[in-house]
Amino acid sequence: MDDTRRAVLNRLDAVDEMADHADPAKVLPIARAELRHLAEGWRRLLNAHRADPTGRCETCRRGSRARRWPCQVWRAAHEQLVGEGVPDRRRTYPLRGNPFTRLSAR
Ligand SMILES: [Zn+2]
């Protein structure tokens, strides 16, 4: 498990390094591939943290305290991808269906 953690953190460091120092002419194709990886990674992570029929996160509910959806993972995603906290006006029903497909694929 420690190897997994180290490999992931090293990869994130490499992405940071590329963003800060890579030759702009060479970085575009790499950045495109990395953006696809990041988007797919977020989709997989968020899919694992979707709401169950009772409005609780399917993954985080396994802990001692059942968490109402959106859980910490979705809150972090909203902050990172949308750029702000989860809106105060919260959804009163769980998201159903498959919101994880690419918009262009719908
Ligand atoms: Zn969760």
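Leaving aside residues up to four places away in sequence, Val 73 touches Leu 45, Leu 46 and His 49.

**Val 73 and its surroundings**

- Val 73 is a residue of helix H3.
- Val 73 has 18 C-beta neighbours inside 10 Å and therefore counts as partly exposed, since a buried residue needs 20 or more such neighbours and an exposed one has 12 or fewer.
- One of the residues that Val 73 touches is Leu 45; the two are 28 residues apart in sequence, and their C-alpha atoms are 8.0 Å apart in space.

**The pairing of H2 and H3**

- Helix H2 spans residues 24–48 and helix H3 spans residues 72–82.
- The axes of H2 and H3 come within 10 Å and cross at roughly 150 degrees.
- H2 and H3 are therefore roughly antiparallel to each other, a description that applies to angles over 145 degrees.
- The crossing of these two helices, H2 and H3, is left-handed.
- On the H2 side, the contact is made by Trp 42, Leu 45 and Leu 46; on the H3 side, Val 73, Trp 74, Ala 77 and Leu 81 meet them.
- The residues of this contact between H2 and H3 comprise seven nonpolar, no polar and no charged.

**The loop between H2 and H3**

- Pro 70 is located in the loop between H2 and H3.
- The peptide bond joining Trp 69 and Pro 70 is cis, with an omega of about 5 degrees.

**The chain as a whole**

- The protein chain has 106 residues, of which 6% are buried.
- Of the contacts between residues at least 6 apart in sequence, 37% join residues at least 24 apart.

**Confidence of the prediction**

- The pLDDT of the protein chain averages 81, and 77% of the residues score at least 70.
- Among the elements of the chain, H2 has the highest mean pLDDT, at 92, while helix H1, residues 2–21, has the lowest, at 90.
- Over residues 91–96 the pLDDT is below 50; this stretch has seven contacts in the model beyond near neighbours in sequence.

Technical notes: Residues are numbered from 1 along each chain as its sequence is written. This is a predicted model: local features need pLDDT of at least 70, side-chain atom pairs count only at pLDDT 80 or more; totals for chains, interfaces and linings use all residues. Axes are lines fitted to C-alpha atoms, for helices over the stretch in contact, and angles run from 0 to 180 degrees between N-to-C directions. Helices (H or I, at least four residues) and strands (E, at least two) are DSSP runs, numbered from the N terminus. Angles under 35 degrees count as roughly parallel, over 145 as roughly antiparallel, 65 to 115 as roughly perpendicular and the rest as oblique. A crossing is left-handed if the near helix is turned anticlockwise from the far one by less than a right angle, and right-handed if clockwise. Two residues are in contact if their C-beta atoms, placed from the backbone, lie within 7 Å. Ala, Val, Leu, Ile, Met, Phe, Trp, Tyr, Cys and Pro count as nonpolar, Asp, Glu, Lys and Arg as charged, and the others, Gly among them, as polar. pLDDT is the predictor's confidence in each residue, from 0 to 100.
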